[in-house]
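Below are some points on this structure, written for someone who has not looked at it before.

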Amino acid sequence: MPPIQFLIDRRESGRTIAAVLRQRYKLTWARAKRLVENGHIRVAGQLTRAPEQRVKTGNRVWIAPGTIDNPTPAEKKPAAAPVTSPTKAKAVAKAKPGAERANTLAVEVVYADDSVVVVDKPAGLTTVRSKEDVAEFGKRATKFLPTTLADVLPALLGSPNKPVFAVHRLDRDTTGLVVFARTPLAAKVLTKQFRDHTTERRYLALVRGVPTGGRIESVFVQDRGDGRRGSARPGTSPDDGKSAATHVTVIEALGEFAAVECRLETGRTHQVRIHLGESGHPLCGETVYDRPVGGKPLPDGSRAARPMLHAARLGFTHPEDGSRRDWEAKPPADLAALWHRLRTAQPSPASAPD
């Protein structure tokens, strides 16, 4: 069975790849996003796992054979709701990957009180439902769509009917510390802290090459020139750009790789991944921000199965008592194992002459 291929037309230029797939093939938002995240889509010859990647006129889109050749009846009805009956809804729920179910069991509650809960998130678990999914599924989203961290937390906290409120998020494959509010007031206070950049957020990352370290600052735009989110080109003054600043410190040089700490001065979407990638040192396992604009992906001999990024430290002012709170989380097993492998792969220093 050959792959499906098509060219992006003028009307689709500037839209996300997920939006284009959804419109062309009458897919649900969730189905379109999963196609991209599961590695079934190539844009302009490059594999993408970023549903938010924007496309340009003339880009050739390649869809892996068998992935949407037989759309479900719900997706063949453009005017129908994505799930048309309770029976079909149950089928969607039962189709969740086993790895995702296992990841929900790996959630660790680091701290909880009546106002906040701090969690060590595993890889492969989305922090919270996207706005698009909520708009499409409404209250049914938690029943019909893949489980999120925000979905499982109430039960873990012993209050299954009391929702938590997301005030920031981590990427699906990023591990580490994330805080949720447990009351609307706490959510308001914490949201302001993240907006004002008064929280402390430090990430541990394994990258290709050895950066020089220092402060990276740029203006983020939705399309840096190749359909990806990233930094505006020098000399441009984007009206909708947002300033982003990251402090990078090399923890350990590992030959062709390095372990680094990244402290966020701001907190933009994909900030660490973008700044490291654009500096020429993308994350091990990175497949989106791993190339210069218009260029090819940089070599990655780490064999990492996901972007090696871990939210290792989180600090904020408690919304109730005003005290400063800080937490740290050890690297997950896969990141620690890769770090060890890269370290032990280095040649032993030559013996000093007598």
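1. Against which elements do the buried residues of H1 pack? They pack against E1, helix H2 (29-37), E2 and strand E4 (60-63). The buried residues in question are Ile17, Ala18, Ala19, Val20 and Leu21. Just after H1 comes lysine 26, whose phi is positive, at about 55°.

2. A word on the model as a whole. This is a predicted model, and the average pLDDT of the protein is 84, with 81% of the residues scoring at least 70. The secondary structure comes to 11 helices and 15 strands. Of the 354 residues in the protein, 45% are buried. Among contacts between residues at least 6 apart in sequence, 64% join residues at least 24 apart.

3. Two stretches call for caution. Over residues 70-98 the pLDDT stays under 50, and the model has 30 contacts beyond four places in sequence for this stretch. Residues 350-354 also have a pLDDT that stays under 50, and for them the model has 0 contacts beyond four places in sequence. Where pLDDT is low, predicted coordinates should not be read in detail.

4. How many aromatic pairs does a search of the whole structure find? The search finds 3. In one of these pairs, the ring centres of phenylalanine 6 and tyrosine 25 are 6.2 Å apart and the planes stand at 55°, so the pair counts as tilted. Phenylalanine 6 belongs to strand E1 (residues 4-7) and tyrosine 25 to helix H1 (residues 17-25), so the pair ties together parts that lie 19 residues apart in sequence. Phenylalanine 6 is buried, at 8% relative accessibility, whereas tyrosine 25 is partly exposed, with a relative accessible area of 23%.

5. Two other ring arrangements can be listed. Tyr111, Phe316 and Trp327 are linked into a cluster by ring pairs. Separately, arginine 42 places its charged end over the ring of tryptophan 62, at 5.8 Å from the ring centre.

6. On cysteines, the structure holds 0 disulfides. Cysteine 262 is buried, with a relative accessible area of 0%. Cysteine 284 is also buried, at 0% relative accessibility.

7. Some backbone angles deserve a look. Most residues other than glycine have a negative phi. Alanine 44 is not a glycine, yet its phi is positive, at about 55°. Alanine 44 is in the loop between strand E2 (41-43) and strand E3 (46-48). Histidine 197, also a residue other than glycine, has a positive phi near 60°. Histidine 197 is in the loop that runs between helix H9 (184-196) and E9, and at 31% relative accessibility it counts as partly exposed.

8. The last point concerns threonine 269. Where is threonine 269 found? It is in the loop between E13 and helix H10 (271-278). At 43% relative accessibility, threonine 269 is partly exposed. Leaving out residues up to four places away in sequence, threonine 269 touches Phe220, Arg229 and Ile274. Threonine 269 and aspartate 171 are 98 residues apart in sequence, while their C-alpha atoms are 8.7 Å apart in space.

Definitions and conventions:
Residues numbered from 1 in each chain as written. Predicted model: local features only at pLDDT ≥ 70, side-chain atom pairs only at ≥ 80, totals over all residues. Heavy atoms only, no water. Disulfide = S-S within 2.5 Å. Buried < 20%, exposed > 50% of the residue type's maximum accessible area, 1.4 Å probe, protein only. pLDDT = per-residue confidence, 0-100. Contact = heavy atoms within 4.5 Å. Phe/Tyr/Trp six-rings, centres within 6.5 Å; stacked < 30°, edge-to-face > 60°. Helix = DSSP H or I, 4+ residues; strand = E, 2+ residues; numbered from the N terminus. Lys NZ or Arg CZ within 6 Å of the ring centre and 35° of its normal.
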